[in-house]
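Okay, thanks everyone, let's get going.

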Amino acid sequence: MILGADTRGDLPGVFVLVPVGRVVALVADGERADGLGLTLVGDRQRVVGCNISLSSDYGISISGDGCSILGTLVRSCSHHGIILNATTDAQVVGCRIDSNGLGTDNTYSGIRVVLGSGHIITGNQVRRGAGNRHKYGIELADAPNAPTSCLVFGNDCVLGGSTSNVYPQTDAGNGAKTMP
């Protein structure tokens with residue numbers, strides 16, 4: 001579990017690689033880890049109450065199953081604020097995602113979900129900010145990379161994305177449900 005980490009700038013605050021439930025690497029301030037603000041590789045990790053900002057890449061990247069991001073601020077990162085990549089049963093709850101996608105206008109999303117299944121994304125506030133903006137506040141990728149059986153509901157995405165606040169707007173035929 002990571003509590004209250006604060007990362008700023010191009011140097012990541014924390015990089016965690018966790019295969020089979022044990023920590024094998026922890027990179028703290030001042031060391032590079034792929035330019036990411038926070039990267040979780042492994043299962044059942046929790047990020048609680050952190051401040052991730054000014055990353056030159058993603059704010060938070062997760063590729064482990066059963067991970068949770070709770071009450072965390074992700075802002076002013078160059079690419080997606082949060083990306084869930086080929087994971088299952090992840091939760092993004094009560095976070096503030098603000099002004100990410102600064103690298104290229106109308107390209108990156110506040111929260112992006114690629115592949116995987118069983119995610120719950122709720123209670124988040126997503127804002128696109130000024131200058132280069134999110135394409136979508138919350139994005140579930142299209143086929144062939146579409147996630148399945150995800151619930152996206154109860155998020156405040158007013159001004160979440162330049163193209164659309166949430167994409168897709170309804171059941172895309174893959175069991176992924178999005179609701180305002």
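This is a predicted model: local features need pLDDT of at least 70, side-chain atom pairs count only at pLDDT 80 or more; totals for chains, interfaces and linings use all residues.

How many aromatic pairs does the count come to? It comes to 1. That one is tyrosine 136 with tyrosine 167, and the two rings are stacked, with 4.7 Å centre to centre. The planes sit 20° apart, and stacked here needs under 30 degrees, so that's the label they get. What I like is that the pair links distant parts of the chain. Tyrosine 136 belongs to strand β17, residues 136-140, while tyrosine 167 is in strand β19, residues 164-167, and that puts them 31 residues apart.

So, buried or exposed? Tyrosine 136 has a relative accessible area of 9%, so we call it buried. Tyrosine 167 comes out at 24% relative accessibility, which means partly exposed, because the cut-off for buried is under 20%.

On to the cysteines. Cysteine 77 is buried, at a relative accessible area of 0%. Cysteine 157 is buried as well, with 7%. And disulfides? The count there comes to 0.

Last stop, isoleucine 52. Where is it? You'll find it in strand β7, which runs over residues 51-53. Its relative accessibility is 0%, so isoleucine 52 counts as buried. Now look across to glycine 81: that's 29 residues away from isoleucine 52 in sequence, yet C-alpha to C-alpha they're 8.9 Å apart in space.

Key. Residues are numbered from 1 along each chain as its sequence is written. Side-chain values use heavy atoms; hydrogens and water are left out. Helices (H or I, at least four residues) and strands (E, at least two) are DSSP runs, numbered from the N terminus. Buried means under 20% relative accessible area, exposed over 50%, partly exposed in between (1.4 Å probe, protein chains only). A disulfide is a pair of cysteine sulfur atoms within 2.5 Å. Rings of Phe, Tyr and Trp (its six-membered ring) pair if their centres lie within 6.5 Å; planes under 30 degrees apart count as stacked, over 60 as edge-to-face and the rest as tilted.
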